[in-house]
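Welcome! Take a moment to look it over before reading on.

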Amino acid sequence: MTLLQFIRDLFKEITKGNKAYFIWLGLLSIVMLNALVSYIMQLNNGLIVTHMRDQVSWGFYISNFTFLVGVAAAAVILVIPSYIYHFKPIKEIVLFGEMMAVTAVLMCLMFITADLGKPLVAWHLFITPNFPRSILMWDVIVLNGYLILNTLAVFYVLFSAAHGREYKMVIMWPLVLISIPWAFSIHTVTAFLYNGLSSRPFWNASITAPRFIASAMCSGPALMILVFQVARKVSDIVVNDKAIFKIAELIAYAMGINLFLYASEIFKEFYSQSIHLAPMEYLFFGLKGHTLLVPFTWVAMVCNLTGFVIFMSPKLRNRFLFLNIACVLVFIGVYIEKGMGFVIPGFVPDTLGEIYDYLPSYIELSLSAGIWAFGAFFYTLLLKIAIPIYKGELSFLSHNMRHSLRDLHKPAVH
Amino acid sequence: MNRRNFLKTAALGVGGILLPAKDSPASVWESFFQKYYREMNDKEKKDVVARLEKEYEEKYKKHIKVKTNAPLPKVLYGYGLDLSRCVGCRRCVYACVTENNQSRNPQIQYITVLQFEQGEKWVSDLEESNKYYNPETVPAPEHFYMPVQCQQCEKPPCVKVCPTQATWKEPDGIVVVDYNWCIGCRYCMAACPYNARKFNWGEPTIPVDEINTETHYLGNRPRIKGAVEKCTFCIQRVRENPGRYPACVEVCPVGARKFGNLLDPESEIRVLIETKRVFRLKEELNTQPKFYYFFSL
């Protein structure tokens, strides 16, 4: 059967590679195994092995989740220019952006699962969903919906390529048209998750969702720029410089908006000096001698501002050295700002005024590292099979037809 | 937790997840597939209670009664706390722990008593408070106290956010949790403005000789790891007929705590709401607590 042969081909593709490829997968496997050990310990002993407590009841897991929803949503920054504006250089790589969205959503779901006190009864969500009242149910729906949308898009494009055909826009259009607002919805709903809690003034700001979207459009694309460069070095994927520079330009705008929104929030808190200032004060200067997050906050500020300056200048951002530095800076900056820098101050001080200094425990760090390693592992394998299929080198068709098809294959035209 | 124990832990972990324990094979599956409390009929409730009582008997070698008393008709519970009397002795805290079978290690307490220095900002700015005070005698000079616990809100934010409806407001106004239905996402804890919800971060432990054997399914029955719990106005006491006071009310040495039926115009709670200077905590959030602070002096 062709399908079985094809699956065997895919498997062969995954299991062949140079030394670096196997070392890479091996390292990731070690990190994942280590995380598995941590997770088993957590299952046995309960979440007490984390440093979360009643005062700070969400920590590193939910911080990572929040950040990664942004990475997933950022696929839209490739989808819009490629399908709506038919910008060819990006159109050639939009598939890899969608694959990153799939990976990021899977990681999000893993982080949520890691955070549950009773993961085994998570199926209760589907028996008595508190819908539409609980925003968490909305999040379950939009995240899984987004996962399905992107999986379908990726699958359909690869399926067509494996059959030596162009994908049909008749089928892609609905997927694309739904996935654009849907990408915004996942991050908006995640913002509303926090936003809707009047008990936490730090989160209860109407600017939260726009800030989330703006920062997502920085960190996700920054990660893509870095990953695409690595990918084109180690594989025969073609990523046009023009695509990378266009993404960099978009980051510059997004970062401008992000910093503006952040500045607005900082102004409101510090100028009005209401009692709601406390979490912001804790973040920037420390509260009553508690200064745990202060260095992180300033590192994030410096990273974001420096990154922004580089992205603003076309001369700088079009040189790979500076571009890559800026991408790393923005990634770190947003990771801190939207992860720990957003989730933790919501809990500090807690609703009765107590300050509990939270930093993740070893278990939380190792388990989170494992989920990131899973993401890298999964994405690597996806690329490994997607590139040859996309290029027409791996298909359902017989061997002798492949050579002629390889030259024929071009990105979609309508 | 060190790595040395890993193999043991791993074996237990995988075993605990995949296989039911040797001695109680049926009950593990029964508890896993246990229905949502509000969807159980009387027969199902009875079966679950019987299973739970058996499990507790095996675990604690003691008969623990699990009641499922429904709300009393025409009752809406309200609580009053006299700030001019409270001396900050925290007997209520410990009476509550004992009555409600809270875990001793890790420690869980439903009531937090905040200590303020005289002249300090309070009510809206609780950051000035101290909950870890330890004087020789109470009240400490020039200090005053404000106990906080679940306010049994009329519009509870915790219930609104729960993704599985594992927590809800009963007709008598008590916000309860089906511990078996809770998935431990802790969204309710983020939503609660009063820090009233507590999570079982580790396996809850109670010394066997200190267990209160009179329990309610939605209240003080022994809890499980990974679920959220909270004050229920001692549901196991107040739903008796005639009802008893919650343990904190009963134990308070200065009579600062009042409790009653808000629908009964003759009740103590109604009289004090109508005649004293009353306020509710964080009223601006519109959670409409049924917990009234007042000044009798």
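Does Arg237(B) count as buried or exposed? With a relative accessibility of 6%, Arg237(B) counts as buried, where buried means under 20% relative accessible area, exposed over 50% and partly exposed in between (1.4 Å probe, protein chains only).

## About the model

This is a predicted model, in which local features need pLDDT of at least 70 and side-chain atom pairs count only at pLDDT 80 or more, while totals for chains, interfaces and linings use all residues. Residues are numbered from 1 along each chain as its sequence is written, chains are lettered from A and ligands numbered from 1 in the order in which they are written, and side-chain values use heavy atoms, leaving out hydrogens and water.

The scores for the model are ipTM 0.92 and pTM 0.93. Chain B has an average pLDDT of 92, and 91% of its residues score at least 70; pLDDT is the predictor's confidence in each residue, from 0 to 100.

## Salt bridges within chain B

Let us return to Arg237(B). Its side chain meets that of Glu250(B) in a salt bridge (3.0 Å, N to O), a term for a side-chain nitrogen of Lys or Arg within 4 Å of a carboxyl oxygen of Asp or Glu. Arg237(B) lies in helix 7 and Glu250(B) in helix 8 (residues 247–251) of chain B, so the pair ties together parts that are 13 residues apart in sequence. Helices (H or I, at least four residues) and strands (E, at least two) are DSSP runs, numbered from the N terminus. Glu250(B) is partly exposed, at 47% relative accessible area.

Another salt bridge joins Glu229(B) and Arg223(B) (2.8 Å, N to O). Glu229(B) is buried at 1%, and Arg223(B) is buried at 5%. Lys35(B) and Glu44(B) also pair up, with their closest N and O atoms 3.2 Å apart; here Lys35(B) is partly exposed at 36% and Glu44(B) is partly exposed at 25%. Over all chains, the count comes to 30 salt bridges.

## A buried threonine

Thr232(B) sits in the loop between strand 9 (228–230) and helix 7 (235–238) of chain B. Thr232(B) has a relative accessible area of 4%, so it is buried. A polar atom of its side chain lies 3.2 Å from the backbone nitrogen of Ile235(B). Leaving aside residues up to four places away in sequence, Thr232(B) touches Gln152(B), Ile174(B), Val175(B), Val176(B), Leu218(B) and Gly219(B), contact meaning heavy atoms within 4.5 Å.

## Where the chains meet

In chain B, 62 residues are in contact with 57 residues of chain A. The two chains bury about 4900 Å² between them, 59% of it on carbon and sulfur atoms; buried area is the accessible area (1.4 Å probe) that two parts lose on being put together, summed over both.

There are two salt bridges between chain B and chain A. Lys131(B) forms a salt bridge with Glu354(A), the closest N and O atoms being 2.6 Å apart. Helix 1 of chain B gives the largest share of the side of chain B that touches chain A, seven residues.

## A helix in chain A

Helix 13 of chain A (residues 294–312) has 19 residues and, at 1.5 Å a residue, should span 27 Å; its end C-alpha atoms are 27 Å apart, which agrees. The expected span is 1.5 Å times one less than the number of residues. Among the buried residues of this helix are Val294(A), Met301(A), Phe308(A) and Phe311(A). The buried residues of helix 13 pack against helix 11 (241–272), helix 12 (278–284), helix 14 (314–317) and helix 15 (320–338) of chain A.

Terms used: Polar contact = N/O pair within 3.5 Å; in protein donor to acceptor, adjacent residues only side chain to side chain.
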